[in-house]
Amino acid sequence: MLCIFLIAFVHSLSIGVADLNVDPIYYNVSILTRLDGGSAQNRYEGFVGIDVMVKNSTKKITIFASDLNLFAQRSWLLRKTTGRRISVVKATRNKKSSTPDELTIFLTHTLWLGEVYTLYMYFQGALNRPQKFGYFSVRYNTPVPHFYAITHMEPVYARYVFPCFDQPHFRTKFHLQMIHNKQYVALSNMPVAEKKAYPLLENYEMTIFEDSPPLPTHMMMWALHSLENVLNGSTNGSEGAEIAVWARPNLTDQLHYVLEVTPELFSTCESRFGQPLLSGKSGKFDIVVLPEYSDQRSSLGLLFIGEDEMGPSYASQEILHENLATLVVRQWFGRLVSLEDLSSAWVRNGINYYLAIQVVAMGHQDLRHNMSRLLSIRLKLMERDSLPKTRELTAHLRGHVHRELRHSKMCLLTHMLCMAIGEKAFYDGIKNFFKHYANMTVSPKILWQEIQQAGRRALHLPLSLQLGTVMQSWFQQPGYPLITVLRDDLNKTVTLRQQRYIQTSGMGMESKSCWWLPIMYITKTHRVPQTEWLGCHKNSPELRMLELRNIFEAPDEWFLVNTEVAAPIRVYYDLQNWRLLTVALRENFTQVPEVSRAALLDDALHLSWAGYLPYGVTLDLMRYLQNETSHLVWQTATSSLEKLHSIMHLTTGYRIFKLYMKQLVGPPFKEVLKTMSSLDNRPLLKPKSLGTESISSLGAMLYRLACQFDIQECMTDALNKFKEAMTSGSTATIPEGLRGTVLCIGIRHGAEEFWLMVRDMYRQTHEETEKRVLLNSLSCTTEYWALRKLLLWALDRKVVPRSLTVGLLASVLKGYLGYYLGKQFLVESMDQILRRFNSMAIFSILKPFVETVTSTEELNTLEELFREKLSESLQSHIGDLMESAYDQVNWRKYQYYELLLAIRNYTIDNLE
């Protein structure tokens, strides 16, 4: 009777301890996958032969395997030199081990030092994994049910696919054979070497792939699908590779953009990183566009992206461009050079994110693109990372919020290094890193060393400064610094001190935290940025400050820190310097760099929110905005003003806030209206840059703000445009940048029949960007029945796609009536939500409800509902979001009246 041992399913991310007695040197993997129905559907089986080199004589081998059926009598070893067979006595799992995936195989004979043996193991596994890792299948309808099966092996999921030495420092050649029904196409990292019929099963064939170069197990990828090869092309690098795009035919038009930009991305990366990706012979790159897939994966020769990334609009193309760039960059830092410790994969991912933004900017030939994207990332990161309970980057938390925080913060820290030592030195370090460590597995510390050496060669880095120490100061503690700047005009000095910045109003906290960071600064008379380093000496507080001497030539010179947003910090000047900067912006705002103006307003608004800076100072600083011509600056200010609006519109002070916004937005909007009239209502200038969210032109942004706060000229223009669109039965008559605003105003002030017309337009269009605009505009209605219907739609996948659900809920909750209806709806529908959606979807659905909390009563009600209905795991994830709610409640408690008083003083003439 066969001795069967089953490795129980344990979802663990522990890498485990390497077998010190043997090293793997070659894998021969055969996989038989059944996706064609029958009793074996959604299962696979296979055989793996692993050549191992013996380093120490032993009678046992430790390997990794999880959630697989393994059979002792179908596992054995052969000695290479003699062909002698060695049987398996037993295989056991060490219950005391921190890694339950470790499997110790005991042998009948000793494996001798220096000899090579082949370990053969038969295995079986299931494809129906709801967690979507390892080797799993996905069903999609077209309308007949279709399936595909793909792998996701990083960080330690190869052990869930086949028995292996699943550790990142092992780079091994792989030979893969896939046996499958002929209706499917098999793809892997390598080109196909041969296809032939499989005689043991009818209508099955075997796809045999070329041997791979040495790879870690987590970089193995393959796919089995029935998609079509819709487009083909080739890369532009020094060693060309064929590109094949696989997708459903209806996406072909959108995918021409993929084929257009991908060769350029490879060429730009090769030039930027100074290292060819391929060596010796041409390769291939298969881009597989998958239905019902929300992830992005890439490894040697194979890229997976989801259909939701596709779209014909300029915005969706820009998102796709950046995502493709991230996957292509990973071919260098991830495949060419891989990490020896995948628990720090977030470091690699954040660096790749930054490099991808730079690569896209080079393609645009627009230097403002990367700063626009980095500023957008900064806005979100600084908000999240300033809350009291945020965790350090090295904390191993599974929540989506922490994962996103790591990704964004590492991106900004990479930018900090680049700015501190200069772009040329930074990329010299990157090039040397790839040159010296190509096809190797290393630690991120090696990258810091290469960048450090390049910085010192360029004389841009002090000899006593260690970049490894700098980065650890950011990795091992939460949050980021608030830099307090104190002028001494008499002695012409500036003193800078640091402390942790906590945003939540009324929660001042003493902290011994400190960071190593570059202080880049300019003055009124010295516009070339100078760089000094602020140190972190936790046991010597006096060494955590920096004194700059002979800075000013005159007492009226302003001083600006963190030029070009070099570091993720907030800067708190003394009142004298705030006054000087305010005067400078009013006199000639262009004397302060554009990105620095955006950061200055962002800092001022957030410092006032947290109670550090009086709102009167901030409103005085913002007066100059009436002359500001930068979309980037307006976008930054609007982000904070919208947050204030989300609270103020529910209070008795809204009339005063609304009057302030009219005064701020009115003058520049009227200039925009003049420009629109001169262009005969043609669309406004197209956006110069787009990021992960659609970024409107300055004119479209001001138009939206003007209508939002009921400026009469905007309301009249919007209603005229809406009437014209309804008469023609098409939104095409409305300029694209204004479409959402015009539809919203028209529905809010129009008849019921117009809501129904826009609803029908939503049902008829298939383009997701247009569906989003139409759906969100429907939420502007003031009719109870219509808002109630939209809330029900949000949970109905047949009416509202998953990708539009969160946006719809957020739009409904923005309105006064929708806000209260939404809260009631959540209580009524919580059980239904928990039954129908997985944890990630539940998190997304609850997010808009948490973000609109503004009072203690609402907060207590929501907390009670979550305690009653949610599991502990979900409560933990939602807890990250609840901190933002606490922050808003505290602001309303401590800062609300100060803002009202500051606005009354600012608008006193109008109030009279």
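Let's start with contacts across the chain. Take the contacts between residues at least 6 apart in sequence: 72% of them join residues at least 24 apart. Keep in mind that this is a predicted model.

Now the overall shape. How does the radius of gyration compare with that of a compact globule? With 912 residues, such a globule would have a value near 29 Å. The chain has 30 Å, which agrees. Along the principal axes, the C-alpha atoms fill a box of roughly 100 × 70 × 55 Å.

What about the surface? The chain exposes about 37400 Å². Carbon and sulfur atoms supply 51% of that area. Of the 912 residues, 59% count as buried. Buried here means under 20% relative accessible area.

Next, the parts list. There are 26 helices and 29 strands. I'll pick out a few.

First up, strand E18, residues 284–290. How many of its residues are buried? Seven of seven. In a regular strand, side chains alternate between the two faces of the sheet.

Who are the neighbours of E18? Strand E17, residues 242–247, runs parallel to E18, joined by five bridges. In that pair, Ala244 has Asp286 as its bridge partner. Strand E20, residues 302–306, also runs parallel to E18, again with five bridges. There, Leu290 stands opposite Gly306.

Strands E25, residues 517–523, and E26, residues 530–534, are antiparallel, with five bridges. Which residue of E26 partners Tyr521? That is Gln530. A hairpin of six residues links E25 to E26.

Last stop, helix H22, residues 839–851. Its 13 residues reach 18 Å from first C-alpha to last. That is close to the 18 Å expected at 1.5 Å a residue. Where does H22 bend? At Ile845, by about 25°. A proline, Pro848, follows within four residues.

Both Ile845 and Pro848 are buried. What do the buried residues pack against? Five helices are involved: H5 (400–421), H20 (802–814), H21 (816–836), H23 (856–869) and H24 (872–894).

That's my tour. Thanks.

Notes
Residues are numbered from 1 along each chain as its sequence is written. This is a predicted model: local features need pLDDT of at least 70, side-chain atom pairs count only at pLDDT 80 or more; totals for chains, interfaces and linings use all residues. Side-chain values use heavy atoms; hydrogens and water are left out. Two strands pair if DSSP finds at least two bridges between them. Helices (H or I, at least four residues) and strands (E, at least two) are DSSP runs, numbered from the N terminus. Buried means under 20% relative accessible area, exposed over 50%, partly exposed in between (1.4 Å probe, protein chains only). The expected span of a helix is 1.5 Å times one less than its number of residues. The bend at a residue is the angle between axes fitted to the seven residues ending there and the seven starting there. Contact means heavy atoms within 4.5 Å. The radius of gyration is taken over C-alpha atoms; the globule rule is 2.2 Å times the number of residues to the power 0.38. Accessible areas come from the Shrake-Rupley method with a 1.4 Å probe; for residues, only the protein chains shown count as cover.
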